[in-house]
Amino acid sequence: MKNRILILGNPNVGKSILFNRLTGLYATVSNYPGTTVEIAAGQARLPCGLVEVVDTPGLYSLHAITEEERVARRYLMTAPDGVILQVADARNLSRMLPLTLQLLQARFRVVLAVNMLDEAAREGLSLNLDVLSHRLGIPVVGTIATRGEGLDRLKEILFQVLLGQISYQKTYELRFSPEVQADLSAIATNLKAVYPLPPDCLSTLVLAGDEEILELVRQQESILRWRKIKAVITAANARYPCGVGYQLAIEVHAQAEQILKGICLRLASRTRHWQNRLSRFTTNPLTGLPILLAVLYFGLYRFVGRFGAGVLVDQLDILFKNILIPAGANLVATIIPSPLWQSLFVGEYGIISLGVRYAVAIILPIVGCFSFFFSLLEDSGYLPRLAMLTDRLCKSLGLNGRAIIPLTLGLGCDTMATLTTRILETRRERFIATFLLALAVPCSAQLGVILSLLSPYPGAVLLWGSVVLLVLLLAGHLLDRLLPGSPPLFFLEIPPLRLPRLSNILVKTFSRMQWYFLEVLPIFIGVSVFIWAGRFFGLFQALLRLLEPAVKALGLPPEAAVVFLFGFFRRDYGAAGLYDLAASGALSVRNLVTAATTLTLFLPCIAQFAVMWKERGPVASLLIAGIIILTAWAIGFAVNILLSLAGL
Amino acid sequence: MDQFPLTRLAPGTTARIAGIRSTNGTLINKLAALGVLPGLPLTLIQTYPAYLVQIGQTELALDRETARCIEVII
Ligand SMILES: Nc1nc2c(ncn2[C@@H]2O[C@H](COP(=O)(O)OP(=O)(O)OP(=O)(O)O)[C@@H](O)[C@H]2O)c(=O)[nH]1
Ligand SMILES: [Mg+2]
């Protein structure tokens, strides 16, 4: 399709926020690199009509290394026509321009949006974008995406480019040193197949040793040519101490610096801002650790646990039990005479009394509170700093600090977090992170219910938290020991601390609640229908009887079997069932801790399992599921015994 | 005026990047993409629990193993 705008650029430069501005949709915007890990598409209304706009994960250079970079590049290669809107951070142009030059080398029609002009100005940086546009031979527009500044002009230019009113005849050409140039020509002459990128661009990626591209070339070319290409790469790598890939980066960067000469003027080196000072407090372990504990206590325990899962859930549940369900029962009774069919809606496990109530009264307020709290963290830029603080801890789990981003994201929703494991470098790390998410990271709904159930007994909260954390650490440590592969390395760009914008927080919270709600409601209703039908045919009772011994072994009353049956559908559904069971007074503190621990460690929900299946494959997913059921039960068993020994 | 690993730089000082010493091609390419390129000034901000450096307007967090690969010159 010709009328397509592909948004591309380094991580965390404002691609998604521009996408939102252009399309009126909402792609998640957060202040850390690696927010977007999937392609998102929408439509923008330009003067020439509706145009497709595509948002992509961040890409440092055309030489893609991590999985999310590959997602972006694959898309770029399948959609060679259309216009590329490269978004760049005005403060770091010399680091952004190499990508521009590579895109131009690949003959793309590029429009460059130099974003975050407000931050550049605050740092005393002044940019002459007209000269830049002239030197590159492409349109360059300055923007402040958060305020929508420069957007009209950007749309105007995109529209002109789409109509072919702006010519791309004389754009900047990349040049390399004679040795590198000779290598590139040697490779290009051996590339005979048809590729999605022009030969000079492709040979640069081949010479740099891009794995995915090399694999493509190996499949497409004859053995003889492939050997010749390999020989060129090997010889070139031997010539430079850091390899030829580094040499290429140096040469492209030098050209970027050349282009930027006289364009970036530092008017004044301003005094340090509050952001800088606060940033040091968060990265210094002496102050960072207390800050982390405060964030966890106030954000997670007080706000999500006590307020969301306590106050809000109680109020909504009262509303349901005293008003909505009786009203629903009356209504159903007048419409449907048969008691059997009535029970489908308002019976013990009915659609309204169970499915809708769990979704609306229990899950939704908790997910809402958590999203609100977590969005604040995301938008301030705290997560990368947390990654830095916890890198050493993550290393003992076979992960690097970067993994703290998917792991904490999992406290919101494990399904989204499993997708975000794409930001990890190696398959080994992605597997470990996926496993830990499935085993020991409770999602917000589950976490909220459990926190509120246990919160009358602070000791129980502490015990449950320690056991789950211990299992997480042990599992990670074991995996690190057992899995072949090298220990991970940690390097991460730390974005500046930013003041969260309320509008983004609210929209993000709302969109997550909506997403969650639409995902759980059909499942919850489906479970109600399933149980209703299962009861009718005696299947439900049979399943419960099957589960009862396992539940009894955990020291739990037989009624708790239902909770675990629910848990098979979704962990949070199980937790919600626990809420009901506890409200009926059937559980002692020991029971509560045992059940909460087992359910936390229990199977991931169906959606998470589906994502796991897609990202890690069937073998890994089934293996993970099997291990998890056994581990959850075994730990629950141990906790129960230990607690009874302690006389509880 | 010899080059030495970043880990031997004192926190708070600025040096120039001399190069990367590593056999891990992916790491070299990744660091290059993050702007660790010869000649650029680099300021070491802190070293524990991870290394934090500033190159231009970019702040980078690195573990010790990665920091050891980066050679600087004063
Ligand atoms: N001050 C300021 N902040 C901005 C501007 N544009 C974006 N931001 C902030 O930069 C952060 C990153 O924005 P995103 O739109 O998520 O960036 P992205 O490029 O999609 O990031 P990835 O998906 O991680 O690659 C957010 O916190 C934005 O609020 C701007 O013009 N000025
Ligand atoms: Mg994004």
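1. How many salt bridges does the rule find across the interface of chain B and chain A? The rule finds three. One of them joins Glu59(B) to Arg280(A), with the closest N and O atoms 2.9 Å apart. The model is predicted, and these contacts should be read as features of a prediction.

2. Across the interface of chain B and chain A, 13 residue pairs are in polar contact, with both residues at pLDDT 80 or more. On the side of chain B that touches chain A, at least two residues each come from strand E2 (14–20), helix H1 (25–33), strand E3 (41–46), strand E4 (51–55), strand E5 (58–62) and helix H2 (64–69) of chain B. H1(B) gives the most to this side, with eight residues. Sorted by class, the side of chain B that touches chain A holds 20 nonpolar, nine polar and four charged residues.

3. On extent, the contact draws 33 residues from chain B and 36 residues from chain A. Between them the two chains bury about 3,100 Å², and 60% of that lies on carbon and sulfur atoms. Of the area that chain B buries against chain A, 22% is supplied by Lys30(B), Pro49(B) and Gln57(B), more than by any other three residues.

4. The chains also share strand pairing. Strand E9 (residues 491–494) of chain A pairs with E5(B) in the antiparallel sense, over four bridges. Within this pairing, Leu492(A) stands opposite Ala61(B) of E5(B).

Technical notes:
Residues are numbered from 1 along each chain as its sequence is written. Chains are lettered from A and ligands numbered from 1 in the order in which they are written. This is a predicted model: local features need pLDDT of at least 70, side-chain atom pairs count only at pLDDT 80 or more; totals for chains, interfaces and linings use all residues. Side-chain values use heavy atoms; hydrogens and water are left out. Contact means heavy atoms within 4.5 Å. Buried area is the accessible area (1.4 Å probe) that two parts lose on being put together, summed over both. A salt bridge is a side-chain nitrogen of Lys or Arg within 4 Å of a carboxyl oxygen of Asp or Glu. A polar contact is a pair of N or O atoms within 3.5 Å; within protein, one must be able to donate a hydrogen and the other to accept it, and residues adjacent in sequence count only if both atoms are side-chain atoms. Ala, Val, Leu, Ile, Met, Phe, Trp, Tyr, Cys and Pro count as nonpolar, Asp, Glu, Lys and Arg as charged, and the others, Gly among them, as polar. Two strands pair if DSSP finds at least two bridges between them.
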